[in-house]
Every structure is written in structure tokens, then in C-alpha cells.
Amino acid sequence: MTTPVKSADRTLDILEALATAGPSTLSELTRLLDIPKSSLHGILRTMTARGWIEATDTRFRLGLKALQVGAAYLDADDTVGLLAGILDDLAARFGETTHLGRLDGPDIIYVAKRESIHPLRLYSAIGRRLPAHATALGKALLATRPPAEVDALLPDPLPALTPHTITDRGALHAELTAIRRSGYAVDREENTEGIVCVARTVPMRDPITDAISLSIPKSRVGESTVDEVATALEAAVHKAASAKRFL
């Protein structure tokens, strides 16, 4: 195992902390990261000079350089580019929030989205990280893994985001078994109360890391909505697989 360089390790810890916690004071970062205030102040000063961090009178936050690097990641990602038109088509057809999500450890990260046309919609943002077991995107991707790998990947206990989140490991495995049979996952208010989400994996990589979804307020979900969305997502996945063969 490679021994990390302390200064580099601390720099990355600061970036990850600000991405997760948002704007923070020097004292808050010191407590959160357990870095001596004198050392932390010097690293922050260098990162501020390089544009990675912006400083206000009392707080530090991510700077424009972080945005530039994040945007460069998405611009260079073949999957994001290939699925852009497919996400556009799904959003235009249903008028609902559409996501491309990627599995990263025990979490899902939104890497692309299209907004709903309705005032009542799911709040989300590219780069947002959510527990995989509490999202349709995550459950669809977890279902591609063997049960032992799922157990090793997820935290114990499983955190609850809403009263509907599956936190019992046995119940989650039963859900994943059903997803393997149906080919799609449904999040029924498990991530956000009042929101239903349907997702399917997109086999662009091996192992599969990406999935696409539609998120719909429960008030707009009819008897056939989930089946209609699941069928549309299946067609979208086949279209993406066909496009990939021509790359």
C-alpha cells in the first residue's frame, strides 16, 4: 500500500471537506480534519492563491479552479457525452427530472441531469452524493453486484434519509433480487419524501457503474407511470448500447 504524502493528503482532505460541508471557518475545518491550525492556515493560504479556495471574512469555500476541474472531468467523460441526447429525449417526453448517476463506493453521484418542466420537482445538483441503497439509481447498480460485494460496499448500519428508506439488510437484498428479475429499480420516497424514481443501469463499463433515472413527484404518478417509465428507460439503454458499438 502506498504511503500518502502528508501535505497532498491534507490538501485533498480540505477539498473533500468543503465539497461535503460547504463554506467553513478555520476552526470548523480544524475540528473536522484534525489538522493543526497553523498547518491548516498555510495550506489554505496556498490553495486560495491558486484559486482552489475562496476566502471571505470568516469562511472558506471552493473556488473557481475546483469548478474548472470538475467541468473538465465531465467534458472528457465519454458516457456523459454519449447519453446527452438520450437524457434530452427522456426529459422532453416525460417533462420530469432525468439523471445519469455513477456508483462511487457506497454512494451515487449525479454526473448529468435534465430539469423537470414543472414547478413541483426534485431538487438535485450535479456532483451531489447520496447513499446508493436509498436511490433507484444506486439500487439498480447494487443489483449488478453479488450479495457479498454489496455487504462489503455498504455501511453498517444503513442510514435512513426518509421513513421509507430501506435500512434492514435482509430487506435490501430481497429488493435487489427483485430488481435483478425485473431489470429496473424503483425508489418510492426512499431518498426524498413525495418523490418516486425509476432507474435502469447503462452497460457502458465493466463492471457497470452508470444508471439513468426519472424522478417524479408522487402526486403525478398514476397506475401505469412506473411501467411506462421503465419501458422508456429500457429503450433508452438499448439505444445507448447501439450507439456505443459505433464509437
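Q: Why is Arg200 called buried?
A: Buried means under 20% relative accessible area, exposed over 50% and partly exposed in between, with a 1.4 Å probe and protein chains only. Arg200 has 11% relative accessibility, so Arg200 counts as buried. This is a predicted model, in which local features need pLDDT of at least 70 and side-chain atom pairs count only at pLDDT 80 or more, while totals for chains, interfaces and linings use all residues. Residues are numbered from 1 along each chain as its sequence is written, and side-chain values use heavy atoms, with hydrogens and water left out.

Q: What makes Glu234 and Arg200 a salt bridge?
A: A salt bridge is a side-chain nitrogen of Lys or Arg within 4 Å of a carboxyl oxygen of Asp or Glu. The closest N and O atoms of Glu234 and Arg200 are 3.9 Å apart, and the pair forms a salt bridge. Glu234 lies in helix α9 and Arg200 in strand β7, so the pair ties together parts that are 34 residues apart in sequence. Helices (H or I, at least four residues) and strands (E, at least two) are DSSP runs, numbered from the N terminus.

Q: Why is Glu234 called partly exposed?
A: Glu234 has a relative accessible area of 35%, so Glu234 is partly exposed.

Q: How do you know that Glu96 and Arg220 meet in a salt bridge?
A: Their side chains have an N to O distance of 2.9 Å. Glu96 is in the loop between α5 and β3 (97–104), and Arg220 is in the loop between β8 and α9. The two residues are 124 residues apart, and the pair links distant parts of the chain.

Q: Are Glu96 and Arg220 buried or partly exposed?
A: Glu96 has 5% relative accessibility and therefore counts as buried. Arg220 has 28%, so Arg220 counts as partly exposed.

Q: What makes Arg145 and Glu149 a salt bridge, and is each of them buried or partly exposed?
A: Their closest N and O atoms are 3.6 Å apart, and they form a salt bridge. Arg145, at 9% relative accessibility, counts as buried, whereas Glu149, at 37%, is partly exposed.

Q: How many salt bridges are there, and which residues are linked in a network?
A: The structure holds 18 salt bridges. Asp77, Arg102, Arg205 and Asp210 are linked in a network of them.

Q: What makes a set of residues a nonpolar core?
A: A nonpolar core is a set of buried Ala, Val, Leu, Ile, Met, Phe, Trp, Tyr and Cys residues joined through side-chain atoms within 4.5 Å. The largest one here has 28 residues, and those with the most contacts inside it are Leu90, Leu100 and Ile212. Among the elements that give two or more residues to this core are α5 (78–94) and β8 (210–217). Helix α9 gives the most, with 8 residues. A second, separate core of 24 residues includes Leu103, Ala132, Ile166 and Leu176.

Q: Which residues does Leu90 touch?
A: Contact means heavy atoms within 4.5 Å. Not counting residues up to four places away in sequence, Leu90 touches Gly95, Thr98, Ile212, Leu214, Ala232, Leu233 and Ala236.

Q: How do you know that the radius of gyration agrees with a compact globule?
A: The radius of gyration is taken over C-alpha atoms, and the globule rule is 2.2 Å times the number of residues to the power 0.38. With 247 residues, a compact globule would have a radius near 18 Å; the protein chain has 20 Å, which agrees.
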